[in-house]
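Hi,

Here is the model I said I'd pass on.

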Amino acid sequence: MAEPSQKLIDRFGRQVDYVRLSVTDRCDFRCVYCMAEDMTFVSKQNVLSLEELHQVAAAFVALGVGKIRLTGGEPLIRNNIQSLIARLGALPGLQQLALTTNGSQLQRMAGNLRHLGVNRINISLDSLQPRKFRQLTRHGNLDQVIAGIDAAVATGFDRLRINAVILKGRNEDEALDLVNFAQQRDIDIAFIEEMPLGLIDEHDRALSFCSSDELRDLIGKQYQLDPLGDPDGDAGPARYYRTGSGSARIGFISPHSHNFCHLCNRVRVTAEGRLLLCLGNEHSVDLRAVLRAKNYSPELLRESIVNAMDLKPERHHFSLHDTPEIVRFINMTGG
Ligand code: SAM
């Protein structure tokens, strides 16, 4: 049986202390690099209930996980999500409760989220031009998202970060505007290289790929970029730079061009309760089956999680030119 004080260590000596929980695969946006226009979503009974999500989170925290990020799909459109957040915020031992959101619900929710214990929020924003924003998200309203970001800034979280995916021929001309936007609000920004997850038909990923190095050179022409060192557990995979005297950072997440798997401290739980050991591989364990088994117990759940660590692969292999090996979309996994 897994001792409650046991830590999660994989075969390569990496300690897993960070879990990303996808609370729904549904989203009110359909970002072109993330989802197909017509998506089939998982039926409600196959998605973990809020109670099951709480059990999973509690099991991980008992095993030394100090950081949980809620993601999706869009976590803030899950019914009664705030009741789950309140319970997670009260878990003894959890040091950071974070959220990744498209910002559509933040204007009305930001204050409450802070009150319930959320300390960090990442907000996705790929364009500051209303029409282009709509094209990239297919459904999004830019004003609503900016109002959400400003509500979060006014609320005051430990850290706020803009996540931007830059695609050649679509929004590469906006990288500097996005940096200016984040700098004006004194919040972080991270540029994420597009990953080949799921089959999309809107663009050719090889042609639209924009590397972190290209973006850093472009941004470096306007901003002095002082490196903050290699990524660490707290920064996640982002390589951060500071500019000027503000506290906001500019980061680059480079799953293609700078592999960071040796620092990986995280696992993911999909909306269906599949514990996924690596975003770029399919090694997984069905936690929903454990949760719904007749003999369910928190001890058995913890044991399944401990045993799963042996499945964590050493690294991912992404190729821009081949058909994606990973056909699941990121909304299933939780970005
Ligand atoms: N709905 C939330 C949001 O929009 O942030 C959370 C889920 S979304 C899948 C999480 C992050 O994954 C977003 O910042 C999004 O830009 C990023 N993302 C989605 N598909 C991606 C891909 N193929 N490559 C790189 N990043 C991706």
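In which kind of crossing, left-handed or right-handed, does helix 6 pass helix 8? The crossing of helix 6 past helix 8 is right-handed.

Before the rest, some housekeeping. This is a predicted model, so local features need pLDDT of at least 70 and side-chain atom pairs count only at pLDDT 80 or more, while totals for chains, interfaces and linings use all residues. Residues are numbered from 1 along each chain as its sequence is written, and side-chain values use heavy atoms, with hydrogens and water left out.

**The chain overall**

The chain has 11 helices and 12 strands; these are DSSP runs numbered from the N terminus (H or I of at least four residues for helices, E of at least two for strands). Of its 335 residues, 58% are buried, meaning under 20% relative accessible area with a 1.4 Å probe and protein chains only (over 50% is exposed, in between is partly exposed). Among contacts (heavy atoms within 4.5 Å) with a separation of 6 or more, 75% are between residues 24 or more positions apart.

**Helix pairs**

Back to helix 6 (residues 175-184) and helix 8 (residues 212-220): their axes come within 10 Å and cross at roughly 65°. Axes here are lines fitted to C-alpha atoms, for helices over the stretch in contact, and angles run from 0 to 180 degrees between N-to-C directions. The two helices are therefore roughly perpendicular to each other (65 to 115 degrees; under 35 is roughly parallel, over 145 roughly antiparallel, the rest oblique). Ala175, Leu176 and Val179 from helix 6 meet Leu215, Leu218 and Ile219 from helix 8. That contact has 6 nonpolar residues, no polar and no charged. The classes are: Ala, Val, Leu, Ile, Met, Phe, Trp, Tyr, Cys and Pro nonpolar; Asp, Glu, Lys and Arg charged; the others, Gly among them, polar. Helix 8 also lies across strand 6 (188-192), strand 8 (239-242) and strand 9 (249-253), running at about 155° to strand 9.

Helix 1 (residues 50-62) packs on helix 10 (residues 298-308) at an angle of about 65°, with the axes 10 Å apart. Helix 1 passes helix 10 in a right-handed crossing. On the helix 1 side, Gln55, Val56, Ala59, Phe60 and Ala62 meet Leu301, Arg302 and Ile305 of helix 10. By class, this contact comes to 6 nonpolar, 1 polar and 1 charged residues.

For helix 3 (106-116) and helix 5 (residues 142-155), the axes come within 8 Å and cross at roughly 25°. That makes helix 3 roughly parallel to helix 5. Leu106, Gln107, Ala110, Gly111 and Arg114 of helix 3 meet Ala147, Gly148, Ala151, Ala152 and Thr155 of helix 5.

Leu106 in helix 3 is buried, at 0% relative accessibility. Leu106 and Ala147 are 41 residues apart in sequence, and their C-alpha atoms are 7.9 Å apart. Leaving aside neighbours within four places in sequence, the contacts of Leu106 include Leu76, Thr101, Ile121 and Ile123.

Asn119 sits in the loop between helix 3 and strand 4 (120-124), and is buried at 13% relative accessible area. With neighbours within four places again set aside, Asn119 touches residues including Gln95, Arg114, Phe157 and Asp158.

The 12 strands form an open sheet with mixed pairing, in the order 7-8-9-6-5-4-3-2-1-10-11-12; two strands pair if DSSP finds at least two bridges between them. Strand 7 (226-227) and strand 12 (284-286) are the edges, each pairing on one side only.

Strand 10 (residues 266-269) is covered on both faces: Arg266 and Arg268 on one side and Val267 and Val269 on the other are all buried. Strand 1 (residues 18-22) runs parallel to strand 10, joined by 4 bridges, with Val19 opposite Val267. Strand 11 (residues 274-276) runs antiparallel to strand 10, joined by 2 bridges, and Val269 stands opposite Leu275. Strands 10 and 11 form a hairpin with 4 residues between them, and Gly273 in the turn has a positive phi of about 85°.

Cheers

How values were computed: A crossing is left-handed if the near helix is turned anticlockwise from the far one by less than a right angle, and right-handed if clockwise.
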